Amino acid sequence: MNFRQMIICLLTLTLLTSVVFAGSTGKITGTIKDKTTGEPLIGANVILMGTSLGAATDLNGYYVILNVPPGKYTLRASLIGYKKMTIENVSVSVDKTSTVNWIMEDEALELGVEIVIEANKSLVVRDKTSSEVKVSSDAIENMPVNDVSQIITLQAGVVQDRGGAIHIRGGRSSEVAYWVDGVPITDGFGGGQTVAVDQNSISEVQVISGTFNAEYGQATSGVVNQVTKEGNTKFEGGFQLYSGDFVTGRTSLYRNLEKISPLANSNFQVNLSGPVPFTGNNLGFFISSRRSYSDGWLYGRRDYLPQMDTVGVTPVNGLVVPRKNGDGEIVPMNNQEQWFWQSKLIWNVDATKGMKLNFSFIGNQRKSNSYDHVAQLSPNSLNPDGDYRNINRGFLYILGWNHAIDAFSFYNLSVSLNDSYNHSSLYGDGSEKNGPNGGPDARYLPANDQQVGSGSYTFLRAGTQNNIYYRTNKIWLLKGEYTIQYGQQHLIKAGLQSTFNNITNHNIGLSTNKDANGKYYQFVPALTDPGNDYYERKPYEISSFLQDKIEFDYVIINLGLRVDYFNSNSRVLADVRDPDINRPKRTEMLTKTLEERKAIWYKDSEPELTFSPRMGIAYPISETGVLHFSFGQFTKFPDLVYLFANPEFKRSEQTTINGPYGNANLKSEKTTSYEFGIQQEFGDYLYFEGSIFYKDIRDWVSVSAPIKMYGDIDKYTQYINKDYANAKGIVLNARGSLSKETSYSVSYTYMTADGVNSNPQQEMDAITGNASPVKILIPLDWDVRHNLNINLVYNPDPVSISLISRFATGFPYTPSFPGTSRQGSSVLQDPARNSRTRPYTLTFDLFSDYRFEVFGQNMTVFCKVFNLFDRANEFEIFTDTGRAGSTNSPSAEEIAGLFNPNRPTSIQDFLKHPEWYSSPREIQLGLSYNF
């Protein structure tokens, strides 16, 4: 199938169907009947108070209100000759149907009387066909969390690895799709989000961990859908500020935490929303800004500067002991500063015709320092100024048009720009990569001129990290949506989405040379050198889907088909045995010019078209119980880093095996997922939900066997689709009320995640280490078998207390046995990868607040305590003992032999790793004001 046929196929599917690529609204439906006769009432009006949304009943007394943002609403029904009725606290969630039925009374005897009742608070969701959790803004306000990722990790089936990446139901972290207000914000380069959203600006967070509908693409493990707040017809606003510090008794492990600085960790957030003056309530706005800063909990002492004091160098027993030239100041080493910005304008162009124009801006910037224990940067580190600074910045702009054609259909059109920037270097923000006079920043120090090592088990005392990296990506997205309620049973969605990427990636490893005077200097390698990897690429994708939600009283069915087209818009090698166009292996190519080689060296990459059918069935077995089954095939284009790594195939002549090189012909990774679940409510005291799932994962990106170049000496590897994995488990959730003031929620997950490789680098390490390929499934690096979360809330107005407890078994690791015999019958086989488990983790977080009024204004004082009991959870360990605080290597005898009186720190200090533990207890005190 050629490109033209693929486009025609996608457009045809779009014209025959409809879209909402990530839901950001729900619907309200129901019937209105006469209390005396039970007959349906025709022409009754139902409106959502405070909005322009509403509907009238048809001949069957049926009504439907589409395109309702998530939240709680007050509904009012009216009909001439009947008492008005108001139902309060009607909850609406993304992609879900809220059913509100009415029984209206004759008004003849009591004129002007209005009936006010409370909405049904049943927790059973009749139309839920897969596992998902929705967290409202009200719930977020009463949780001990500071960002959205903490909300996500509280959900069943979610694991956060040591690096902070999120895994859902056993998949790689890049398999999770992130959306905000109907627009994807997934970082397609390597996973995660291109822009972070402040949790105070969120109306609802939806975490889908089951077999999600066809409207969601480029995800094979889960979807995180965030819907932000918007202004309404009255002014609202407020601010929140808090500050605090880490308070721990483990001061022998953590430097500088014996002191308490109330302003070490600070936060300020302000928001305002409402109608724009003089617009007749037709133009609403929401604006928010937040700044947070934390010193972190890992500190160093500046005893040495990057520039070594060569006058004071004293060689002692092979160790180089330079003289201290620093100021001895205590320096934070994992500190970070974040800014969040958000604004939204909604213009009701014509409320009577349902025409609405909206513009949104979401921005985030994070500056942080990297912590590196070995490279001078532990809490006992003696040169905290020599490691990377990181800048991550993202801006999202959305312009959307919404038009309700009639009471039963509407469409959306939107265009968005997602502009992200990532940078890591020691000095500057990336612009210094060529430095003054064409060279790098003069503060970068060559290893040949500045001693960077100081013997074994000793911190580095001079030198700099000499790598510069930056990446930008501008993602333009065009999307059309159409939704129609066809009869009472069918809610049909479909449409077309086009995504265009513009990626610039630059990775520089500074090189060292010597001038005529014998002095070493740093320089940026030529673009033909492997140490200077620069490229620009413009991949694009087109997606379409058809989704039909069929709703009967006895069954709800979600049927969908998704079509995705992807073109890496790049090149691949014409001859795989001669990769580097600047250093050809074929002798006949040496006589050709570079331009002549370019004409024959590469060929265009091949596009890919995938089809993904999805199905979910919910079967209500009673008013308080629902069974569901779902099945789906999911595809995801590989991370772009694997497609474009070293796209010019530059090779180093000093390396026998080069690579792995990118592969612009990589195909989609594929997952087939099954789930069976049940919901059951037992009065007001218990809601139970359970599910079992299985995932079959194929074509994960891995690394090829070495490919021989001409001459049969040099080889290289390339990324290919090869690895297999599977995940299966049981998920149990329960929540309810113990009393009017006390509620609880409990989630438990048992899960296994097994595969060949957790990431492609493991395969590359096996190749370069001449290890045998893995022939069996082994636990993946994020395979956490048991995970239990408990949340208790006590809310005797005006006080509320929330306690969250999290328990998890440890991550797997590969044990080592130093010092064991390797001779005769005592020879030990290398232990299997990930055959042991780290210690379990247990954490308690507390949130409490007190609400009061000052001059009629709402004020709240609150306290957040993270790691309440200051438990030292061990995330990283010594592989010979399985613990973070003890090791048998080096032995006591070796330590005695390595002793040197001029060593600035002891070997025991070097073996102390505070970064291997969870962060210590943190206490935050704050104040918020809302009007």
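The exercises below concern a predicted model.

**Exercise 1.** Identify the residues with the most contacts inside the largest nonpolar core, and the elements that give two or more residues to this core.

*Solution.* Step one: the largest nonpolar core has 26 residues, and Ile152, Tyr178 and Leu396 have the most contacts inside it. Step two: two or more residues come from each of α3 (148-153), β12 (166-168), β13 (176-180), β15 (202-208) and β26 (389-406). Step three: beyond its neighbours within four places in sequence, Tyr178 is in contact with residues including Ile152, Ile166, Val183 and Val224.

**Exercise 2.** Describe how strand β40 pairs with β38 and with β41.

*Solution.* Step one: β38 (residues 625-636) and β40 (residues 669-682) are antiparallel and share twelve bridges; Val626 has Gln679 of β40 as its bridge partner. Step two: β40 also pairs with β41 (residues 686-703) in the antiparallel sense, over 13 bridges, and Gly677 is bridged to Ser691 in β41. Step three: three residues separate the strands of the β40 and β41 hairpin, where Gly683 takes a positive phi near 60 degrees.

**Exercise 3.** Phi of Phe649 is positive. Determine where Phe649 is found and whether Phe649 counts as buried or exposed.

*Solution.* Step one: Phe649 is not a glycine, and its phi is near 55 degrees. Step two: Phe649 belongs to the loop between α7 (640-644) and β39 (657-661). Step three: buried means under 20% relative accessible area; Phe649 has 3% relative accessibility and therefore counts as buried.

Key: Residues numbered from 1 in each chain as written. Predicted model: local features only at pLDDT ≥ 70, side-chain atom pairs only at ≥ 80, totals over all residues. Heavy atoms only, no water. Core = buried A, V, L, I, M, F, W, Y, C linked by side-chain atoms within 4.5 Å. Buried < 20%, exposed > 50% of the residue type's maximum accessible area, 1.4 Å probe, protein only. Helix = DSSP H or I, 4+ residues; strand = E, 2+ residues; numbered from the N terminus. Contact = heavy atoms within 4.5 Å. Pairing = 2+ DSSP bridges.
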